[in-house]
Amino acid sequence: MRIGDWDVHAVISGMFRLDGGAMFGVVPRSLWSKAAPPDAENRISMAMRVLVGRGGGRTVLVDTGAGTGYGEKLEAIYAFENTMAPSAYLRDLGIAPEQVTDVILTHLHFDHAAGAAVPQPGGGWALAFPNAAHHVQKTQWEHALDPNPRDRASYFRDRIEILAKKGALSLHEGDWSLASGLDVLAFGGHTPGQHLPLFSGGGESVLFCADLVPTSAHFPAPYIMAYDLDPVRSMDEKAGILGDASRGNWILSFEHDPATPACRVRSEDRRYLPGERVTL
Ligand SMILES: [Zn+2]
């Protein structure tokens, strides 16, 4: 899809499963299970969608998926399915990993950022995008290296540290702008320093929602993940974005929605609902 100076595409890097209860927080299973039917272990199927933007001489990738190289135990826990190396999921767009100039990592949880590292045959890791600057919020970087027991399982340290070791890390504080028509907005409810890219131009805007609005089933105010460290802040941040999107006719793109890559937002009786479905 053309957004001003940018060509924007969404690609699924693989599928995985997480506990359905954890994905919907305080919402009872009798309600969320209608939108996301759970398996025998109460897990729901989720996409690891990434966004690719090309414009002004840059090739920008937003998040990387979980990547490959997980052992049997993690494969079983997360039921990874069709997880691809970046070279595979970018091939359909005619992009080689070496051509990626910028990787915006919304945050460093493994399902968003672990694909930035590629396992090497003799052990150790290499960068999946050797020529790219990897953009991360400073607060998220510091948190990822010193997580608390509640979110420690979401970070794989060896896949993160390589970004600094290879000098590929670009740290940011708060909202920032990567290029004309590509602003990056900072949030803090899900985890310290989650930042989300907003492509805009030609009367259109696309926000990649990552874990602020993980799927189109997460529009109602209390539908907040139990993974969030500050759920009330998440609720307020989500309401703010849904309001902006509704007023500005933005397109919201969902990283984890298995069926809906993106949609617009409509409001009805002071509630926000998924509007027109959009394919990016
Ligand atoms: Zn996350």
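These legends walk through several close-up views of one predicted model.

In this predicted model, local features need pLDDT of at least 70 and side-chain atom pairs count only at pLDDT 80 or more, while totals for chains, interfaces and linings use all residues. Residues are numbered from 1 along each chain as its sequence is written, and side-chain values use heavy atoms, with hydrogens and water left out.

**View 1. The largest nonpolar core.** Welcome to the core, which has 27 residues. A nonpolar core is a set of buried Ala, Val, Leu, Ile, Met, Phe, Trp, Tyr and Cys residues joined through side-chain atoms within 4.5 Å. Buried means under 20% relative accessible area, exposed means over 50%, and partly exposed lies in between (1.4 Å probe, protein chains only). The members that touch the most other members are Leu 61, Tyr 89, Leu 90, Val 100, Leu 105, Leu 108 and Phe 129. Two or more residues come from each of strand E3 (43–55), helix H4 (86–91), helix H6 (138–145) and helix H7 (157–165). H7 gives the most, with three residues. Helices (H or I, at least four residues) and strands (E, at least two) are DSSP runs, numbered from the N terminus.

View 2. Look for Val 100 in the loop between H4 and strand E5 (102–104). With a relative accessible area of 2%, Val 100 is buried. Contact means heavy atoms within 4.5 Å. Leaving aside neighbours within four places in sequence, Val 100 is in contact with Thr 59, Leu 61, Leu 90, Ile 95, Phe 129, Asn 131 and Ala 132. Val 52 lies 48 residues away from Val 100 along the chain, and their C-alpha atoms are separated by 9.4 Å.

**View 3. Leu 108 and its contacts.** Here is another of the core members that touch the most others, Leu 108. Neighbours within four places in sequence are left aside, and Leu 108 is then in contact with Ala 113, Val 136, Gln 140, Trp 141, Ala 144, Ser 154, Tyr 155 and Ile 160.

**View 4. Helix H6 meets helix H7.** Two packed helices are described by the angle between their axes and the distance between the axes. For H6 and H7, the axes come within 10 Å and cross at roughly 135 degrees. Axes are lines fitted to C-alpha atoms, for helices over the stretch in contact, and angles run from 0 to 180 degrees between N-to-C directions. Angles under 35 degrees count as roughly parallel, over 145 as roughly antiparallel, 65 to 115 as roughly perpendicular and the rest as oblique. H6 and H7 are therefore oblique to each other. Their contact brings Trp 141, Ala 144 and Leu 145 of H6 to Arg 157, Ile 160, Glu 161, Leu 163 and Ala 164 of H7. These residues divide into six nonpolar, no polar and two charged. In this count, Ala, Val, Leu, Ile, Met, Phe, Trp, Tyr, Cys and Pro are nonpolar, Asp, Glu, Lys and Arg are charged, and the others, Gly among them, are polar.

**View 5. Ile 162 in helix H7.** Staying with H7, we find Ile 162. Its relative accessible area is 5%, so Ile 162 is buried. Not counting residues up to four places away in sequence, Ile 162 touches Ala 117, Trp 125, Ala 126 and Leu 127. Ile 162 and Trp 125 are 37 residues apart in sequence and 7.2 Å apart in space, C-alpha to C-alpha.

**View 6. Gly 25 between two helices.** The loop between helix H1 (20–24) and helix H2 (29–35) holds Gly 25. At 27% relative accessibility, this glycine counts as partly exposed. Gly 25 touches Ile 224, Met 225 and Ala 226, not counting residues up to four places away in sequence.

**View 7. Two loop residues with positive phi.** Asn 82 sits in the loop between helix H3 (72–78) and H4, and its phi is near 55 degrees, a positive value in a residue other than glycine. At 60% relative accessibility, Asn 82 counts as exposed. Asp 269 is in the loop between strand E15 (262–268) and strand E16 (271–278). Although not a glycine, Asp 269 has a positive phi of about 50 degrees. At 65% relative accessibility, Asp 269 counts as exposed.
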